[in-house]
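Hi everyone, thanks for making the time. I'd like to walk you through one model today, going from the overall fold down to a few side chains. Please have the viewer open while I talk.

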Amino acid sequence: MLFDSGYFALFLASFLAATVVPFSSEALLSGMLASNYNLYWCLGLATLGNWLGGMTSYGLGWLGKTQWIEKYLRIKHSQIEKTQKKVAGKELWIALFCWLPGIGDVIAVLLGLLKVNVWLAAIGMLIGKLVRYIVWALLTLEVINWFQ
């Protein structure tokens, strides 16, 4: 079982959950907290793994070419430029939402495809993912307290 694999399993699960692989790291985090693993290590490793997974998705997007968007998605170059202008200056705020289930991975890839500032994307992504895990951990601990 993943709970027996410890912190490395949490890191790996969190990394995979931030890529296009459909996986939920929250269940593992909850199980580890219920098994008295260290809260801070769990939060740190889950956040680090998920952030690195998100940055990997961003990097894959960065490797993509806008010509591919035009060719395969049939989106005009003028629309791509318009989107880049709309995103400019909001990179950090948009990256905060990379934690969202389902669309967060797509947001990370799109930020890379649009070649937004890597530092702003990285910081926004890190903050968003950290806050998500903190909230999840606090909710988990609250539920655990109900049953004690």
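The protein chain has 9 helices and 0 strands, where helices (H or I, at least four residues) and strands (E, at least two) are DSSP runs numbered from the N terminus. Read from the N terminus, the order of elements is α-α-α-α-α-α-α-α-α.

Some housekeeping: this is a predicted model, with pLDDT of at least 70 needed for local features and 80 or more for side-chain atom pairs, while totals for chains, interfaces and linings use all residues. Residues are numbered from 1 along each chain as its sequence is written, and side-chain values use heavy atoms, with hydrogens and water left out.

Along its principal axes, the C-alpha trace spans about 60 × 30 × 20 Å. Of the 148 residues, 38% count as buried; here buried means under 20% relative accessible area, exposed means over 50%, and partly exposed is in between, with a 1.4 Å probe and protein chains only. As for contacts (heavy atoms within 4.5 Å), take those between residues at least 6 apart in sequence: 78% of them join residues at least 24 apart.

Let's go to helix 4, residues 39-63. Helix 4 has 25 residues and reaches 36 Å from its first C-alpha to its last, close to the 36 Å expected at 1.5 Å a residue. That expected span is 1.5 Å times one less than the number of residues.

Staying in helix 4, look at Thr47. Is Thr47 buried or exposed? Thr47 is buried, at 4% relative accessibility. Leaving aside neighbours within four places in sequence, Thr47 is in contact with Leu126, Lys129, Leu130 and Tyr133.

Now the aromatics. How many aromatic pairs does the structure hold? There are 3, counting rings of Phe, Tyr and Trp (its six-membered ring) whose centres lie within 6.5 Å; planes under 30 degrees apart are stacked, over 60 edge-to-face, and the rest tilted. One of them is Tyr7 with Tyr37, edge-to-face at 5.2 Å centre to centre and 90° between the planes. Tyr7 sits in helix 2 and Tyr37 in the loop between helix 3 and helix 4, so this pair ties together parts that are 30 residues apart in sequence. Tyr7 is partly exposed at 27% relative accessibility, and Tyr37 is partly exposed too, at 23%.

Tyr7 also pairs with Trp41, this time tilted, at 6.3 Å centre to centre and 45° between the planes. That pair links helix 2 to helix 4, 34 residues apart. Trp41 is exposed, at 55%. Together, Tyr7, Tyr37 and Trp41 form one aromatic cluster.

On to the interior. A nonpolar core is a set of buried Ala, Val, Leu, Ile, Met, Phe, Trp, Tyr and Cys residues joined through side-chain atoms within 4.5 Å. Which members of the largest core touch the most other members? Of its 16 residues, they are Tyr58, Cys98, Leu111, Val116 and Met125. Helix 4, helix 6, helix 8 and helix 9 each give two or more residues to this core, and helix 8 has the largest share, with 4. Apart from it lies another core of 12 residues, among them Leu10, Leu33, Ala46 and Tyr133.

After helix 8 comes Lys115, with a positive phi near 55°.

Lys115 also lies over the face of Trp62, at 5.3 Å from the ring centre. The test is NZ of Lys or CZ of Arg within 6 Å of the ring centre and within 35 degrees of the ring normal. Likewise, Arg132 lies over the face of Tyr133, at 4.3 Å.

That's my tour. Over to you!
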